[in-house]
Amino acid sequence: MKKTLLSIATLCLVQLGLAGCDATPSSEPSEQVAGYFADNGTGNPLAVVQHPAGEYHDGITYVSYQGPFEDPYVAAYNHEAKTWLGPFRAGTSELGRREGRTKFDNHGKPTLLIDDEGYIHIFYGGHGGDRHHGENTLGNVHHGANKHSISKRPFDITEWDEVDNISVFGTYNQALKMDNGDIYLFYRHGAHRSNWVYQRSTDNGRTFEAPVSFLKHKRRTDLKAEDSWYAWVGHGEKDEIIVTFDYHLCWDWDANERGHTTERHDAHYMVFNTVTGDWTNVQGESLNIPLTREEAEVKTLAMSTGPDWTFNGSTYLDTQGFPHITTNVGVDLGLKTGGPKLLRHLRWDGEQWLGGNSVNGLAAGNSRGDFILSGESNVEVILADDESGEVAQWLSNNNGETFTKGNVLLTTQNGTFAITSIIKNAHPDALVIAAIKDKASPHRQIYLLGNEGPIGRPLSEATLEKDTSVFY
Ligand code: ZN
């Protein structure tokens, strides 16, 4: 452990440089520098699905993560001054404050978006809503309340207002701002047996229109189970939004000996035109919304994984306008969660889906991450690999046909990783937020990683107050 920390500290001393140290009054060149910017991350504090978790704007990278009591925390890094601000608590989550809790919920991680007036929005705290919220007309309920906080002033993370203008039943928030300033908030409207929806705001997030369903949960007539979904939503061309999703076979608790599991299969893709309201598959055929399993199997399937289980990834368009998608795939080992899953990459070439191989070339293991497309055929994956204990670049110059390992950005000998999607409009020094999950502690050190590794911070600034209540 000491060896790992030392190597990170050395790396950051180099990256911060003397100018950075001089710019911070409390920082002597000899002061110890942490690789992380905060050490009060809590539980499983980051994920690919709640996104974006951060945004770069005008020299500053704004980042968010799950901190003490599962509340959302926001920090900001000034790239020119090489200084950090925060973190500040941006709201109060109901998930971490449930009486009698015995473990973290971990579903209400924050999503961050900056509107056209510069106000910063944080969406957080939901895991399907609670019984006391009343009936969920679009599905079932579980815990928490989906909430929304807005910064009191533009580009200022120090003070926040909680606003009551989105559905409490949401979970897995994903926020997109279109070129005209409209904000789309996508999420699952409840627990597993719920539709996926979006809400639109045309006034910088001050009000939102009613939820619109686009993926349908539905009882199966052939099995003791329901159709359910997991989705990741991103920017397409112009006014379009692109969606990759996988299918969750949501077994009843008494359906079989294993009961309910995290069984998920396949990779799907579709497109939403926000001007016409039309939804189409990759070939441009119209879809009936909310989409059912029956129609999805015929029209939106990008990759069948057969008996293997999945955990969906992300999607982006290449310079030709063709989608690339990732998904995590693993053999079902008979566990409640199937087993370890490896990140795979595939792309549409205008006629068919190609690829589907694991990014790191392995046949087994557990990895996840997100990717950037550039040039005619470059793919850069930031891959967190639990087996090797490394977060590293994996680079392809042939559209994902083969990948080679680039820089190692973060290592651990004692834990596994949590990692976000690529930060919106990311600076190359600050691409993703990551944490090391050490089984011995609920507290997480939070790293901002770029192509050269973590952006460090004086250890005294990165050492923060934590939630000391016991909940393991
Ligand atoms: Zn389920």
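A salt bridge here is a side-chain nitrogen of Lys or Arg within 4 Å of a carboxyl oxygen of Asp or Glu. The views below are taken from a predicted model.

**Figure 1. Network of salt bridges around Lys218 and Glu294.** Salt bridges link Lys218, Asp227, Arg293, Glu294 and Glu297 in a network. One of its pairs is Lys218 with Glu294, whose closest N and O atoms are 2.9 Å apart. This pair links distant parts of the chain: lysine 218 belongs to strand β15 (residues 218-219) and glutamate 294 to helix α2 (residues 293-299), 76 residues apart. Lysine 218 counts as partly exposed because its relative accessibility is 22%. Glutamate 294 is also partly exposed, with a relative accessible area of 38%. By the rule stated above, the model has a count of 24 salt bridges.

**Figure 2. The zinc site.** Four protein donors hold positions 2.0 to 2.3 Å from the zinc ion: His192 through ND1, His248 through NE2, Cys250 through SG and His260 through NE2. The angles subtended by the four donor atoms run from 96 to 130°, and the arrangement is therefore tetrahedral; the test requires all angles to lie between 85 and 135 degrees. For reference, the ideal angle for four tetrahedral donors is 109.5 degrees. Along the sequence, the donor residues follow the spacing H-x55-H-x1-C-x9-H. Cysteine 250 sits in strand β17 (residues 240-251), while histidine 260 is in the loop between β17 and β18 (264-273), ten residues apart.

**Figure 3. Salt bridge between arginine 193 and aspartate 252.** The two side chains, of arginine 193 and aspartate 252, meet at 2.8 Å, N to O. Arginine 193 is placed in the loop between β12 (183-189) and β13 (196-201), and aspartate 252 in the loop between β17 and β18, so the pair ties together parts 59 residues apart in sequence. Arginine 193 and aspartate 252 are both buried.

Figure 4. Arginine 264 pairs with aspartate 246 in a salt bridge, with the closest N and O atoms 3.2 Å apart. Arginine 264 is in strand β18 and aspartate 246 in strand β17, 18 residues apart, and the pair links distant parts of the chain. Both arginine 264 and aspartate 246 are buried.

Figure 5. Leucine 333 lies in the loop between β22 (323-330) and β23 (342-348). With a relative accessibility of 55%, leucine 333 counts as exposed, because the cut-off for exposed is over 50%.

Definitions and conventions:
Residues are numbered from 1 along each chain as its sequence is written. This is a predicted model: local features need pLDDT of at least 70, side-chain atom pairs count only at pLDDT 80 or more; totals for chains, interfaces and linings use all residues. Side-chain values use heavy atoms; hydrogens and water are left out. Donors are N, O and S atoms within 2.8 Å of the metal (3.2 Å for Na, K and Ca); water is not among the atoms, so sites may look incomplete. Four donors count as tetrahedral if all angles lie between 85 and 135 degrees; four count as square planar and six as octahedral if opposite donors are over 155 degrees apart and all others between 65 and 115; anything else is irregular. Helices (H or I, at least four residues) and strands (E, at least two) are DSSP runs, numbered from the N terminus. Buried means under 20% relative accessible area, exposed over 50%, partly exposed in between (1.4 Å probe, protein chains only).
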